[in-house]
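The tour moves from one selection to the next.

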Amino acid sequence: METNFTRPQLQSPIGVLVMFFDTIRGWARALWPILVFWIFKFNQINTAFLLLGIFGVFLVIAIFAYLRYRNFSFFLDYENEEFIINEGVFNKSKTTVQLNKIQQVNISQSLIQRIIGVYSLDVDTAGSTKKEGEIKAISHRLALELKACLLENGKNKKNEIQETEGPAVVSSEAHPFINISFLSLLKIGITSNYIRSLGIILAFFATVYENVNNLAEHSKFDKDKIGTYIDKNLAVDQGFALQSVAFIVFLMLVSVLVINLFRVIVRYFDYKIERQSGSLLLSFGLLNTKSTIIKPEKVQITTVSRNYFQKKMNILELKIRQAVSDGRDERKSAIEIPGCNELEKDEILKLLFGRIPERGIMLQPNFRKLVFSIFLTIVIPLTGFFIVGNYAAPQLLEFAYLTPFYILFFGLVHFFGFRNYRLFISDDFIIKQSGAWDIAHDIIEPMKIQAITTSQLFWHKGADIGYLTLHTAGGNVAFQLGDFTKIKAYVNLWLYKIETSDSNWM
């Protein structure tokens with residue numbers, strides 16, 4: 001039996017518990033100084049007053065949560081093609097979302113919601129930096145029905161959608177055509193995000209080091225004696241020092257792998273991709289499960305990336321960006337599909353674009369891009385290092401032996417990055433290839449370009465090179481120092497396609 005969403009609907013009755021825990025979380029953020037004071041002054045506070053105060057706080061939270069539940073309602077206004085949410089305890093608010101502006105409808109489930117047995121549903125459009133509407137406690141059946149109704153894009157769009165994509169989905173029955181295995185997640189975990197994990201580890205060790213120094217400064221230890229003792233032992237046993245350094249490096253490498261594995265498995269566990277009337281339904285998550293739908297006409301930029309190890313293991317990563325607002329982080333808004341193989345990637349691209357995108361004509365950057373990158377990241381930093389070392393801080397020159405390794409590392413990064421930097425143009429696709437280690441291919445369709453920016457510095461006119469930036473609702477794709485004459489010719493062609501296209505991608 002289908003639910004009539006034209007009448008105001010309340011959340012699931014057991015959702016009061018979700019409101020209760022959510023209110024506790026919100027109040028804890030606001031009142032954490034008082035909580036810290038209670039912890040440190042616990043022995044000085046009368047136990048009876050403390051227990052009475054805790055009981056009073058929880059009672060107020062429970063009443064507040066119940067009022068949030070009772071005052072929350074949602075319904076569909078088909079006459080005006082709007083989704084309306086009413087909420088609030090003291091200050092009542094009404095959120096109205098135009099159905100044809102809805103970009104995504106996500107169904108997710110946190111650990112608390114999983115224990116209670118409810119789901120949350122949030123509505124996202126491209127015009128705001130936050131979710132326009134969120135329902136925190138709803139049954140799975142009701143969530144699926146509401147999502148199907150919202151994604152019909154209103155009564156006036158219903159016939160158009162049925163003609164282009166088939167009938168709207170109101171049933172929860174779907175069969176996964178791709179299921180990312182646990183082994184694939186393990187492969188992704190050990191072959192990706194090295195820099196991010198290493199940064200987390202370095203920040204952790206830096207924090208620990210700073211706290212140890214602060215403790216030593218306020219303690220009674222004689223730092224000179226400790227330093228003398230360490231220097232004496234290092235001089236006697238240099239092998240032990242080398243072993244210690246090797247152990248620390250090994251520990252950091254293991255930590256990087258463990259962090260990556262933990263993040264990937266917890267976030268993407270049991271990743272399933274299903275077909276639903278020409279769209280992709282993605283569901284994944286170990287502790288917090290999430291279900292989201294991707295409609296091909298809404299996709300702005302599709303990125304396929306892999307590195308050397310992933311290529312040998314026949315896995316890759318897909319990132320799909322739909323329309324986002326200017327204030328939102330594009331990386332956070334991207335939908336990731338990790339651990340696909342070549343066949344699965346081709347199936348997804350066929351569903352998104354109707355066929356596998358072809359590369360077409362290739363544009364290469366001018367060699368000045370490589371020279372400028374080397375000058376910016378090698379010449380300038382090393383010049384500053386030696387100037388400061390010679391005139392201000394001579395102790396820095398003790399690390400001068402590291403400069404060849406610095407030059408070699410960044411030189412290789414820029415060389416391979418320049419070699420892989422390409423722009424491929426065909427009649428229906430634009431593909432930008434970039435990256436030194438992780439080779440990424442950004443795929444966009446010319447008809448989804450919102451604006452095009454070209455620029456040329458005056459000293460580049462003689463070499464006939466310039467910059468190109470393609471602006472889409474899902475982010476920008478830039479190509480630097482390419483043949484400016486060819487770029488302008490393609491810009492005219494793309495502008496013509498944009499003007500003559502009747503694609504409904506928003």
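A nonpolar core here is a set of buried Ala, Val, Leu, Ile, Met, Phe, Trp, Tyr and Cys residues joined through side-chain atoms within 4.5 Å. Keep in mind that this is a predicted model.

**Stop 1: the largest core.** Select Y271, I273, L282, I294, I337, I348 and L352. Of the 29 residues in the largest nonpolar core, these touch the most other members.

Center on L352. Which residues is L352 in contact with, leaving aside its neighbours within four places in sequence? Show L280, I294, P296, V299, T302 and I320.

**Stop 2: another core.** Select A143, L146, C149 and L150. They are among the 24 residues of another core, which lies apart from the largest one.

**Stop 3: helix α7.** Select residues 182–191. The buried residues of α7 are S184, L185, I188, G189 and T191. N193 has a positive phi of about 60°.

**Stop 4: a helix pair.** Select α14 (residues 368–391) and α15 (residues 403–420). The two pack at an angle of about 165°, with axes 9 Å apart. Angles over 145 degrees count as roughly antiparallel, so α14 is roughly antiparallel to α15. The crossing is right-handed.

Show side chains at the contact. From α14, include L370, I374, I378 and F385; from α15, include Y406, F410, H414 and F418. The residues of this contact divide into twelve nonpolar, five polar and one charged.

Note on methods: Residues are numbered from 1 along each chain as its sequence is written. This is a predicted model: local features need pLDDT of at least 70, side-chain atom pairs count only at pLDDT 80 or more; totals for chains, interfaces and linings use all residues. Side-chain values use heavy atoms; hydrogens and water are left out. Axes are lines fitted to C-alpha atoms, for helices over the stretch in contact, and angles run from 0 to 180 degrees between N-to-C directions. Helices (H or I, at least four residues) and strands (E, at least two) are DSSP runs, numbered from the N terminus. Angles under 35 degrees count as roughly parallel, over 145 as roughly antiparallel, 65 to 115 as roughly perpendicular and the rest as oblique. A crossing is left-handed if the near helix is turned anticlockwise from the far one by less than a right angle, and right-handed if clockwise. Contact means heavy atoms within 4.5 Å. Ala, Val, Leu, Ile, Met, Phe, Trp, Tyr, Cys and Pro count as nonpolar, Asp, Glu, Lys and Arg as charged, and the others, Gly among them, as polar. Buried means under 20% relative accessible area, exposed over 50%, partly exposed in between (1.4 Å probe, protein chains only).
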